[in-house]
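Okay, thanks for coming, everyone.

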Amino acid sequence: MTATFDRIADFTFDLVPGDLAETTRDAAALMLLDTLGITIGSGPMEAGVIARDTAALLYGSSDPMVTARMMFDGRPVSIAGAAYASATQTDNLDGHDGYNPTKGHIGVVVVPTLAALAEVTPDISGPEALAAVTIGYEIAGRAGLSLHNTVSDYHTSGAWNALGVVAMAARMKGMNREQMRQALGIAEYHGPRSQMMREIANPTMLHDGSGWGAMVGLSAVVLAEQGFTGAPAITIEADEVLKHWEDLGHFWQMEHQYVKPYPICRWAHAAIDGARAIMLEHDLSHTDIKHVQVNSFYQAACLFRDVPDNTSKAQYSLPFAVAAQIVHGRIGVEQISGTGLSDATVIDVMSRISVAETDKHSTRFPVGRWADVQITTTDGRVLDSGDIHARGGPEAPMSRDEVIAKFMEFATPSLGETRAAAIRDAALGLTRPESKLSDLTQHLYDAPEA
């Protein structure tokens, strides 16, 4: 074993919940709640239905030690199948949290993993659950940095967030250090190193690969428990990645996630925010718009340009998202699905939007997601947003109340206000020493009432 692995194992097994700062625990509870809102909101969507049905068809288990109910569905499958289904479902409503330096997402696998493992491990305290959540974020985030800085291609989050899944399972299942090391190697080797820019160019239900990241992570855990070997994980143990692990336990990535105000690819958010700011400041209607010029970074400029004909393309379309914000003043599930895809007014405004790459914004990526927007009005004014950084991250955070309101907005239509409020209160209540994880999970498995 290497010194870096020993540092990660010490962190995973020896972290005491009481050692976490109050700000870290609060961030873990809030990110847990935020991701749950997207998991719930995405439940009726086609991708989530297919993922759950597929898990029931292919990924069942007869062993109660590895069997879990799928979230907001109730059917029993393997823990890997349950995590796969919920992560795939969540990934297909692009409103879950992310971390700028990794160019990707962590909560999308952490929350499904927590829910799956809660079915096969003894009930733990709320603070211990938040410690497991934090471990998942801290390990996955650094694995992402290691991968992005040692390979040439840009891979989806599933390529590296699987390692956070392993760390959570090692903690919650009481694995030994050797089992954890082998599981990390297996998960890294089989992690889906899928090409993100290919999905950006042709958006589908594949999204960010996180369903397979969750599946691979928990499958690796079971394999390692059975004696399968796969170590080392080079994104952990190679000499050239040591620098990405040196601040583990000192700098808390958990506190630096961004929350998405819109269920749209994060790369489009600065443009949406720029248009939103101009519209609000000048009290504009979509009928006042002659032309919109968006300048942003290269990856944002690569987002889907045509009129989307499905939800996946809508979530990866910067012009469509900006047009929806201009027309409706918000972007919810209804704007990116169903009849929202054929909204004639949105499509008309979209035809008046141009997008270009600007070097000054490209050089700030991935640490920042910047854009500037100019709106030319029908009466000849040219209104400029100035440089805008996407809302929701540490630089321009959403307030706690705004994040809670977002959860209720996405959860209530499927579950009703009473059950949504119970989940809200239980998730935020996990910070209390007397709380139990089961206070939350008792609300997470039953299918919504018809």
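Let me start with a pair of side chains: Asp379 and Arg381 meet in a salt bridge, 3.2 Å from N to O. By that I mean a side-chain nitrogen of Lys or Arg within 4 Å of a carboxyl oxygen of Asp or Glu. Asp379 is exposed at 53% relative accessible area, while Arg381 is partly exposed at 35%. The cut-offs here: buried is under 20% relative accessible area, exposed is over 50%, and partly exposed is in between, with a 1.4 Å probe and protein chains only.

Quick housekeeping. This is a predicted model, where local features need pLDDT of at least 70 and side-chain atom pairs count only at pLDDT 80 or more, though totals for chains, interfaces and linings use all residues. Residues are numbered from 1 along each chain as its sequence is written, and side-chain values use heavy atoms, with hydrogens and water left out.

Back to the charges. How many salt bridges does the structure hold? There are 23. One of them pairs Asp34 with Lys406, with the closest N and O atoms 3.0 Å apart. That pair ties together distant parts of the chain, Asp34 in helix H2 (residues 22–41) and Lys406 in helix H18 (residues 400–415), 372 residues apart. Helices here are DSSP runs of H or I, at least four residues, strands are runs of E, at least two, and both are numbered from the N terminus. Buried or exposed, that Asp34? Buried, at 2% relative accessible area, and Lys406 is buried too, at 6%.

Glu434 and Arg432 also form a salt bridge, at 3.2 Å between the closest N and O atoms. There, Glu434 is exposed at 57% and Arg432 partly exposed at 41%. And then there's a network of salt bridges linking Arg52, Asp53, Asp73 and Arg75.

Now, helix packing. The axes of H2 and H5 come within 9 Å and cross at roughly 90°, so H2 is roughly perpendicular to H5. Axes are lines fitted to C-alpha atoms, for helices over the stretch in contact, with angles from 0 to 180 degrees between N-to-C directions. Under 35 degrees counts as roughly parallel, over 145 as roughly antiparallel, 65 to 115 as roughly perpendicular, and the rest as oblique. On the H2 side, the contact (heavy atoms within 4.5 Å) uses Leu32, Thr35 and Leu36, and on the H5 side Gly107, Val108, Val111 and Leu114.

H5 (residues 107–118) also packs on H10 (residues 210–225), with axes within 9 Å and a crossing of roughly 40°. That makes H5 oblique to H10. In H5, Val108, Val109, Thr113, Ala116 and Leu117 meet Ser210, Ala214 and Leu218 of H10.

Last bit, the backbone. Most residues other than glycine have a negative phi, and most peptide bonds are trans. Ala231 and Pro232 are joined by a cis peptide bond, omega about 5°, and Pro232 lies in the loop between H10 and helix H11 (234–237). Phe365 to Pro366 is cis as well, with omega near 10°.

Where is His207, with its positive phi of about 45°? In the loop between helix H9 (196–201) and H10, and it's buried at 2%. Phe72 has a positive phi too, near 55°, in the loop between strands E1 (67–69) and E2 (76–78), and Phe72 is buried at 7%.
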